[in-house]
Amino acid sequence: MDIKEAIRERHSVRQYTPDHIMGDVRTSLETLIQECNRESGLNIQLITDDPECFDTLLGHYGNFTGVNNYIALVGSKKLKDLDELAGYYGEKIVLEAQMLGLNTCWVAGTYGKGKCKAHVDSGEKIVCVISIGYGATNGTSHRSKELSKLCGVSEKDMPSWFKEGVEAALLAPTAMNQQKFFIDLKGEEAVIKANFGPLTKLDLGIVRYNFEAASGHKCKAN
Ligand SMILES: Cc1cc2nc3c(=O)[nH]c(=O)nc-3n(C[C@H](O)[C@H](O)[C@H](O)COP(=O)(O)O)c2cc1C
């Protein structure tokens, strides 16, 4: 599976089998997390075999079952654009997980915040978590807003790389499927901005990663 297939096949999965994340799969995931931390300055952590974090009222409310593993997106509150960085690197890990045969779900609200086992130093915070494991299903596609609501360029005027990027952006997960972003072409450069609202900066990083991974071009956030 390549990254474009991973983008197409990734859907939120909230029910997991008891299978453990082991061997080469685990090593690949941990190596990528270390690389992301080195590059970003974040303190992303993989927590495995801990059923407590989602075995809470909120976890049940969110319809999560069998969640034994999660990734905590932790970072210094002093980091400029902490939410956007967490979104960007979190999505990089989510897509790698998909390619490794795992399933995921971004979770900002419906988990037990007090039960999260991540190490959070003073001055740091947990931006959100991502449940991860072998899904009981592969999930289903989300409904998407119309292209014209999310992008300033009509399909016929798009360079092929930009079209690939926008298609991947529309497939990106966003909180409550809100898709509060807008992508445009300024000269030769793709630019993305977040609309106003909760978690939109986190979404911005996620969508920007999808765009860049599929198009092979940088997308500037403004
Ligand atoms: C930043 C963020 C936070 C999210 N928080 C939650 C959550 O608390 N509970 C939940 O069940 N889903 C959560 N989701 C999953 C979204 O509902 C889901 O990504 C969206 O509906 C699109 O569906 P898809 O991921 O299957 O494409 C979150 C997604 C994102 C990107």
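1. Let's start with a term you will need: two strands pair if DSSP finds at least two bridges between them. With that in hand, look at Val74, which stands opposite Ile126 in E4. Please keep in mind that this is a predicted model.

2. Now step back to the strands themselves. E2 (residues 70-76) and E4 (residues 124-133) are joined by seven bridges, and their pairing is antiparallel. They belong to an open sheet of four strands, ordered E1-E2-E4-E3, with antiparallel pairing. Strand E1 (45-47) and E3 each have a single partner strand because they stand at the edges, so one side of each has no neighbour in the sheet. On average, neighbouring strands here are turned by 25 degrees against each other, direction ignored.

3. Next, the domains. The assignment for this chain gives domain 1 (3-133) and domain 2 (147-221). Their C-alpha centres are 22 Å apart. Where they meet, 19 residues of domain 1 are in contact with 17 residues of domain 2. On the domain 1 side, helix H1 (3-9), helix H4 (82-99) and E4 each give two or more residues. H4 provides the largest share, ten residues. By type, that side of domain 1 has ten nonpolar, three polar and six charged residues.

4. Finally, have a look at the ligand. Which residues come nearest to the ligand? Of the 22 residues around it, they are Ser12, Trp106, Gly109, Pro173 and Asn177. The shell takes at least three residues from each of domain 1 and domain 2. Strand E3 (103-107) and helix H7 (200-215) each supply at least two of its residues. Eleven residues of the shell are nonpolar, nine are polar and two are charged.

Note on methods. Residues are numbered from 1 along each chain as its sequence is written. This is a predicted model: local features need pLDDT of at least 70, side-chain atom pairs count only at pLDDT 80 or more; totals for chains, interfaces and linings use all residues. A residue is near a molecule or strand if its C-beta atom, placed from the backbone, lies within 6 Å of it. Ala, Val, Leu, Ile, Met, Phe, Trp, Tyr, Cys and Pro count as nonpolar, Asp, Glu, Lys and Arg as charged, and the others, Gly among them, as polar. Domain bounds come from an automatic or database domain assignment. Axes are lines fitted to C-alpha atoms, for helices over the stretch in contact, and angles run from 0 to 180 degrees between N-to-C directions. Two residues are in contact if their C-beta atoms, placed from the backbone, lie within 7 Å.
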